[in-house]
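Welcome! Please take a moment to look over the sequence and the fold, and then we can walk through some details together.

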Amino acid sequence: MADIRELIQKVSLAKNKLELQNLKTQFLGKNSQINQEFKKLGSLNEDERKVKATSLNNEKQKISEAINIRLKELEKLEINEKLQKDKVDVTLPARERPNGKIHPVSQVIDEISSIFSEIGFSVEEGPDVESEYNNFTALNTPEDHPARDMHDTFYLDKNKKILLRTHTSPVQIRTMLSGNPPFKIIVPGRTYRCDSDQTHSPMFHQLEGLHIDKNITMGHLKGCLDYFIKEFFEVKKIRMRFRPSHFPFTEPSAEVDIGYKLENGRIIVGEGDKWLEVLGCGMVHPNVLKNAKINTKIFQGFAFGMGIDRLAMLKYGINDLRSFFETDYRWLNYFGFDPLDVPTNYRGLSR
Ligand code: PHE
């Protein structure tokens with residue numbers, strides 16, 4: 001029989017659980033030497049048997065104990081090794097990660113909403129896919145009206161009854177039909193026209209404004225837009241002109257230009273002798289009010305529509321409208337805004 005100390009030493013040197021398991025089978029299993037010895041006990045006389053059995057049991061117990069001790073040690077080693085591997089060095093400097101940025105169009109929509117909410121406008125929305133009726137007919141633009149061609153409409157069906165809205169004005173109709181006057185709303189949203197160059201994109205953004213109440217006049221419209229333009233461009237004075245124009249859904253109608261000058265190729269808004277068209281507006285046509293079930297003897301008001309992307313280009317010096325929609329991360333990183341800096345009138349809109 002092998003020296004018990006030798007066996008115990010082998011156990012204590014087992015490198016892992018598998019090796020230990022093998023040793024256990026080898027030293028205590030069915031074919032182990034100890035087991036063979038136990039089997040031989042029957043051939044001994046009683047006294048010898050007692051002595052031998054006691055010593056065999058002793059040995060067996062010692063080996064078992066050694067195995068258990070080693071098992072505990074190995075488990076501990078295993079855990080320590082794992083902890084060592086998973087160690088996180090909290091003193092390491094943070095790895096630089098790409099920052100999310102707010103797109104200038106979203107930023108400008110937030111700025112505009114903040115400015116108008118300050119004077120009591122609430123924000124409405126409407127669907128991009130519209131009926132021909134809401135987009136044109138209800139807005140006093142009958143089928144043969146030349147304004148329909150001017151809009152380069154994307155129709156979605158053969159009968160030209162469903163389309164991608166060409167402006168946010170159909171939300172005027174939706175809003176007026178779904179409630180009772182007064183109405184004082186702005187509507188930011190996507191609009192579509194089949195047109196693409198440096199200042200036109202087939203998908204662009206508009207902001208509609210509508211204020212219907214008793215005794216609302218063109219004076220209110222001018223005051224409202226004057227306030228808005230100054231707040232938006234964050235200037236005290238602005239040159240602004242109302243140019244007579246035509247829209248089927250307003251009467252009278254005007255287009256609004258703001259003054260600017262070029263300095264080293266950069267647009268400076270509010271000064272100078274150049275004019276830039278920023279929006280269309282007017283007093284809501286009585287036919288539109290009638291289509292929206294409004295009593296024109298009591299209520300009247302103004303509406304306006306402006307190009308959000310164009311305002312963003314002007315304010316933030318972006319030259320090509322198409323770059324807005326190319327989803328180039330480098331562009332967004334350069335022109336985008338900090339997501340934690342929500343624009344408010346009192347804290348500053350863009351700083
Ligand atoms: N819907 C017009 C356009 O897209 C703008 C507008 C809106 C004009 C409201 C007058 C009143 O050009």
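## A first stop: Gln206

In which strand does Gln206 lie? Gln206 belongs to strand β5, which covers residues 203–213. Keep in mind as you look around that this is a predicted model. Gln206 has a relative accessibility of 11%, so this residue counts as buried. The side chain of Gln206 reaches the backbone nitrogen of Thr168, at 2.9 Å.

## The overall layout

Let us step back to the whole chain. The chain is divided into domain 1, residues 4–85, and domain 2, residues 104–347. Taken over C-alpha atoms, the centres of domain 1 and domain 2 are separated by 87 Å.

## Around the ligand

In the side chain of His167, an N or O atom is 2.9 Å from a nitrogen atom of the ligand. The side chain of Ser169 likewise has an N or O atom 2.9 Å from a nitrogen atom of the ligand. With Arg193, a polar side-chain atom lies 2.9 Å from an oxygen atom of the ligand.

## Two arginines to visit

Arg165 is in the loop between β3 (162–164) and α8 (170–177). Is Arg165 buried or exposed? Its relative accessibility is 2%, so Arg165 counts as buried. A polar atom of the Arg165 side chain lies 2.7 Å from the backbone oxygen of Arg190.

Arg239 has its place in the loop between α9 (218–233) and β6 (240–247). With a relative accessibility of 37%, Arg239 counts as partly exposed. Arg239 and Glu263 are 24 residues apart along the chain, and 17 Å separate their C-alpha atoms.

## Aromatic rings

The model has 12 aromatic pairs. Why is the pair of Phe302 and Phe304 called stacked? The ring centres of Phe302 and Phe304 are 6.3 Å apart and the planes meet at 25 degrees, so the pair is stacked; the cut-off for stacking is under 30 degrees. Both Phe302 and Phe304 are buried. Another pair, Trp331 and Phe335, is tilted, with 5.2 Å from centre to centre and 45 degrees between the planes. Trp331 and Phe335 are four residues apart in helix α12 (residues 329–335), so about one helical turn separates them. Trp331 counts as buried, at 14% relative accessibility.

One of its rings, that of Phe232, has the charged end of Lys315 sitting over it, 4.6 Å from the ring centre. Elsewhere, Lys222 lies over the face of Phe242, at 5.1 Å from the ring centre.

## Cysteines

How many disulfides does the structure hold? The number is zero. For Cys281, the closest cysteine sulfur is in Cys224, at 9.8 Å, and this is too far for a bond. Cys281 has 2% relative accessibility and counts as buried, while Cys194, with a relative accessible area of 46%, is partly exposed.

## Backbone details

Here are some spots to check along the backbone. Pro181 and Pro182 are joined by a cis peptide bond, with omega about 5 degrees. Pro182 is found in the loop between α8 and β4 (183–192). The peptide bond from Glu251 to Pro252 is cis as well, and omega is near -5 degrees. Pro252 is in strand β7, residues 250–263.

Asn140 is not a glycine, yet has a positive phi of about 60 degrees. Look for Asn140 in the loop between α6 (132–135) and α7 (146–150). Asn140 counts as buried, at 18% relative accessibility. Asn215, also a residue other than glycine, has a positive phi near 60 degrees. Its place is in the loop between β5 and α9. Is Asn215 buried or exposed? Asn215 has a relative accessible area of 62%, so this residue is exposed.

Methods
Residues are numbered from 1 along each chain as its sequence is written. This is a predicted model: local features need pLDDT of at least 70, side-chain atom pairs count only at pLDDT 80 or more; totals for chains, interfaces and linings use all residues. Side-chain values use heavy atoms; hydrogens and water are left out. Domain bounds come from an automatic or database domain assignment. Rings of Phe, Tyr and Trp (its six-membered ring) pair if their centres lie within 6.5 Å; planes under 30 degrees apart count as stacked, over 60 as edge-to-face and the rest as tilted. Buried means under 20% relative accessible area, exposed over 50%, partly exposed in between (1.4 Å probe, protein chains only). A charge sits over a ring if NZ of Lys or CZ of Arg is within 6 Å of the ring centre and within 35 degrees of the ring normal. A disulfide is a pair of cysteine sulfur atoms within 2.5 Å. A polar contact is a pair of N or O atoms within 3.5 Å; within protein, one must be able to donate a hydrogen and the other to accept it, and residues adjacent in sequence count only if both atoms are side-chain atoms.
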